[in-house]
Protein chains: 2
Amino acid sequence: MPPDSTETKRRLADAARAEFSEFGLAGARVDRIAERANANKRSIYMHFGTKEELFDLTVAASLVELADAVPFDVRDIPAYAGRLYRTLQSSPDIFRLTSWALLERPRPLDTEMASYREKVDAIREAQHDGILATEHDPATLVAMIIALVTSWDHASWSLRAVAGTDAPENRQADVEVAVRKLVTVTPGA
Amino acid sequence: MPPDSTETKRRLADAARAEFSEFGLAGARVDRIAERANANKRSIYMHFGTKEELFDLTVAASLVELADAVPFDVRDIPAYAGRLYRTLQSSPDIFRLTSWALLERPRPLDTEMASYREKVDAIREAQHDGILATEHDPATLVAMIIALVTSWDHASWSLRAVAGTDAPENRQADVEVAVRKLVTVTPGA
């Protein structure tokens, strides 16, 4: 590979992330990605394959980055949820990328599945050990924890407008409190 | 108006809903909507205005339909959440429309704001009366209730794949249990 190949690839990856985050899969334009990266269109196909493959790689990379930044901790899920919230707030493009993927790319990604399997297994064991609430199956608990972490990201623009200036800027404490209620073993249950 | 004008308008509204739900705002094509409705493109502009206006009307209409189908009940929010879950499952296009709107149309809708304001006010009063948990401000409680109702709709395809056949088909009971934990007043809190 020429010496600048890695550098071109990195610039293309950054450009793809910005483009897909803004416009989604269908709305993204490969020539705009090339332009943003100051590269040519052919180098995208050479390094990443099709637009769909580039999209999948972009989403997977952002999720690997997220998982690395916020390791799962089954012994303190509320604190994990708070950290996940904080990290997602600082990288809003991850939420947009995964939202587009949900609408436009209905298929699982290997790396993401591995990361979920780890969480599901750890939760199942913790439920078995009696240290996590058992009302929900492990995968549902994961889905609900993420739903609470992203509840304001998913909130419609109308609800945001109604909340207005009453809304606290940092909702990390809200997330931690709600997740604690969800996962704490109810006495006598 | 000619006798078939109302009928044409209804067909166009149905076609718009199918098209926007599938492709979103940017991805939708006005000529495909006209084709689906067996009408001409000009009749869309005549009845609904621009593509953006038609999108806003489509989203607003689906939310009015949802609000009419599932009246809010501040005295039994878990049961409300269960009914909302069931109704959203039977009309998956509503979830898709609101997801596209969140990504592509960052502005509040009047009818939706009115509907949220009603819920927020009712929750504020119920919190004041001591019958609802007060850890979260009313708008955050609304956001979190909806997040729990839609937690599996928002779940990535990877998490769905991991859940696999273990996943219960009907998650209404999960939603009701989780929402009950969220809104119930904690003794001594």
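Helices here are DSSP runs of H or I with at least four residues, numbered from the N terminus. The model shown in every view is predicted.

**View 1. The end of helix H3 in chain A.** Just after H3(A), A:Gly49 takes a positive phi of about 90°. The helix covers residues 41-48 of chain A, and its buried residues are A:Ser43, A:Ile44, A:His47 and A:Phe48. Seen down the axis of H3(A), these buried residues fall within an arc of 105°, so they line one face of the helix. An α-helix has 3.6 residues a turn, so residues three or four places apart point the same way.

**View 2. The two sides of H3(A).** The buried residues of H3(A) are covered by elements that include helix H1 (5-27), helix H2 (30-36) and H4 of chain A. On the face turned away from the buried side, H3(A) carries the exposed residues A:Arg42 and A:Met46.

**View 3. The largest pocket.** This pocket holds about 830 Å³ of space. Its lining has 45 residues, and those closest to the centre are B:Leu63, B:Leu66, B:Glu112, B:Tyr116 and B:Ile146. Both chains contribute: helix H9 (151-154) and helix H10 (157-163) of chain A, and helices H4 (51-69), H5 (77-90), H6 (92-104), H7 (110-128) and H8 (138-149) of chain B, each give two or more residues to the lining. H4(B) provides the largest share, 9 residues. By class, the lining is made up of 28 nonpolar, 10 polar and 7 charged residues.

**View 4. The second largest pocket.** The volume is about 660 Å³. Among the 37 lining residues, A:Leu63, A:Thr98, A:Glu112, A:Tyr116 and B:Ser156 are the closest to the centre. At least two lining residues come from each of H4 (51-69), H5 (77-90), H6 (92-104), H7 (110-128) and H8 (138-149) of chain A, and from each of H9 (151-154) and H10 (157-163) of chain B. The largest share, 8 residues, belongs to H4(A). The lining divides into 22 nonpolar, 10 polar and 5 charged residues.

**View 5. The largest cavity.** The model has 4 cavities of 30 Å³ or more, and the largest cavity contains about 70 Å³ of space. From chain A, the lining includes A:Phe95, A:Ser99, A:Leu102, A:Leu103 and A:His154; from chain B, it includes B:Phe95, B:Ser99, B:Leu102, B:Leu103 and B:His154. H6 of chain A and H6 of chain B each supply at least two of the lining residues. Of the residues in this lining, 6 are nonpolar, 4 are polar and none are charged.

Notes
Residues are numbered from 1 along each chain as its sequence is written. Chains are lettered from A and ligands numbered from 1 in the order in which they are written. This is a predicted model: local features need pLDDT of at least 70, side-chain atom pairs count only at pLDDT 80 or more; totals for chains, interfaces and linings use all residues. Side-chain values use heavy atoms; hydrogens and water are left out. On a 1 Å grid over the protein atoms alone, a cavity is a set of points where a 1.4 Å probe fits but cannot get out, and a pocket is an open set with protein on both sides within 12 Å along at least five of seven lines; lining residues have an atom within 4 Å of a point. Grid points are joined across faces, edges and corners, and a volume is the space filled by probe spheres set on the points. Ala, Val, Leu, Ile, Met, Phe, Trp, Tyr, Cys and Pro count as nonpolar, Asp, Glu, Lys and Arg as charged, and the others, Gly among them, as polar. Buried means under 20% relative accessible area, exposed over 50%, partly exposed in between (1.4 Å probe, protein chains only). The arc is that of the directions from the helix axis to the C-beta atoms. Contact means heavy atoms within 4.5 Å.
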